[in-house]
Amino acid sequence: MLGKVVKATLAGAVLAGALAGCGGDPVKVGAAAVVGDDRITTARLDQAVLDCRRQFKNDQVANQVRAALESQRQQQPTSGEPADCSARSALDTMVNFRVAAAAAETAGVSVTESQVDRTIGLMSQQAPAESIVVALGMPKEFTRDVARMNAAQSLILQKLGADASEQSPATLQAQQQAVALFRQAADKLDIQVNPRFGSFDGNRLTVSPITTRLSATESGVR
């Protein structure tokens with residue numbers, strides 16, 4: 001049962017993972033990432049991670065949802081990376097909030113507070129929306145932000161011609177167009193991420209883990 005609600009809730013999250021931008025300029029001091037004119041501070045990110053970990057520890061439903069997510073990921077390796085309360089995961093989501101808003105503006109759709117409420121209602125049909133958000137790696141205070149992002153994705157897909165069938169030609173075509181739209185929006189935002197938290201993967205279009213580079217001596221190259 002939890003697997004179904006997770007799948008329904010995360011239908012847009014797969015698309016949300018396809019976000020990134022280019023930019024080689026150094027990130028401003030104290031920033032975890034810079035997205036357009038917005039600055040995601042390291043202090044805010046660190047606090048979000050601490051809150052998520054504390055809430056997850058005390059939320060049995062969030063633990064069950066995350067277990068269902070991990071089971072789904074093991075059965076379908078392409079369904080995404082493990083959900084956790086890590087800084088990289090939280091930062092990726094915070095970036096997604098901004099890219100989704102930019103993509104919605106480009107697509108000519110707007111998300112009302114009523115639509116956010118409706119999305120939260122859908123999320124809460126089988127598990128509390130706040131618990132789902134914590135399971136996904138964000139503190140419950142971001143529930144409306146997650147719902148707004150998912151609502152934007154749904155509206156964009158509808159605008160592009162998606163129908164009720166996940167595998168219909170119309171929906172699949174809309175998904176491809178939506179991914180292209182998100183990439184375009186992210187590129188215009190010139191997203192830059194602090195190397196402390198990872199880097200952008202140009203192929204997967206998401207925040208990738210930190211990679212350690214060997215020095216010239218260690219690698220045998222001088």
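Modeller: Two strands pair if DSSP finds at least two bridges between them. Helices (H or I, at least four residues) and strands (E, at least two) are DSSP runs, numbered from the N terminus. The model is predicted, with pLDDT of at least 70 needed for local features and 80 or more for side-chain atom pairs, while totals for chains, interfaces and linings use all residues. Residues count from 1 along each chain as its sequence is written, and side-chain values use heavy atoms, without hydrogens and water.

Biologist: In E2, which residue is the bridge partner of Val 34?

Modeller: E1 covers residues 31–35 and pairs with E2 in the antiparallel sense over four bridges. Ala 33 faces Ile 40 of E2. For Val 34, the partner in E2 is Arg 39.

Biologist: What positive phi does Gly 36 have in the turn?

Modeller: E1 and E2 form a hairpin with two residues between them. Gly 36 sits in that turn, and its phi is about 65°.

Biologist: Which strands stand at the edges of the sheet?

Modeller: The sheet is open and has three strands in the order E2-E1-E3, paired antiparallel. Each edge strand has a single partner, so one of its sides is left without a neighbour in the sheet. The edge strands are E2 (38–41) and E3 (192–193).

Biologist: At what angle do helices H6 and H8 pack?

Modeller: H6 spans residues 113–123 and H8 spans 143–159. Their axes, lines fitted to C-alpha atoms over the stretch in contact, lie 8 Å apart. The pair is roughly perpendicular (65 to 115 degrees). The angle, on the scale of 0 to 180 degrees between N-to-C directions, is about 100°.

Biologist: Which residues of H6 make the contact with H8?

Modeller: Contact means heavy atoms within 4.5 Å. H8 contributes Thr 143, Arg 144, Val 146, Ala 147, Arg 148, Asn 150, Ala 151 and Leu 155. From H6 come Glu 113, Gln 115, Val 116, Asp 117, Thr 119, Ile 120 and Met 123.

Biologist: How far apart are the closest N and O atoms in the salt bridge of Arg 144 with Glu 113?

Modeller: Arg 144 lies in H8 and Glu 113 in H6, so the pair ties together parts 31 residues apart in sequence. The bridge (a Lys or Arg side-chain nitrogen within 4 Å of an Asp or Glu carboxyl oxygen) has its closest N and O atoms apart by 2.7 Å.

Biologist: Which residues are linked with Glu 113 in a network of salt bridges?

Modeller: Asp 145 and Arg 148 form a salt bridge at 3.9 Å. They stand three residues apart in H8, about one helical turn. Asp 145 is partly exposed at 29%, and so is Arg 148 at 26%. Linked with Glu 113 in the network are Asp 117, Arg 144, Asp 145 and Arg 148.

Biologist: How many residues apart in sequence are the parts that Arg 196 and Asp 46 tie together?

Modeller: Their side chains meet in a salt bridge, N to O 3.8 Å. Arg 196 is partly exposed at 49%, and Asp 46 is partly exposed at 31%. Arg 196 lies in the loop between E3 and E4 (199–201) and Asp 46 in H3 (residues 42–57), so the separation of the parts in residues is 150.

Biologist: How many salt bridges does the structure hold?

Modeller: Among them are Arg 196 with Asp 46, and Arg 144 with Glu 113. Asp 145 with Arg 148 is another. The total is eight.

Definitions and conventions: Parallel < 35°, antiparallel > 145°, perpendicular 65-115°, else oblique. Buried < 20%, exposed > 50% of the residue type's maximum accessible area, 1.4 Å probe, protein only.
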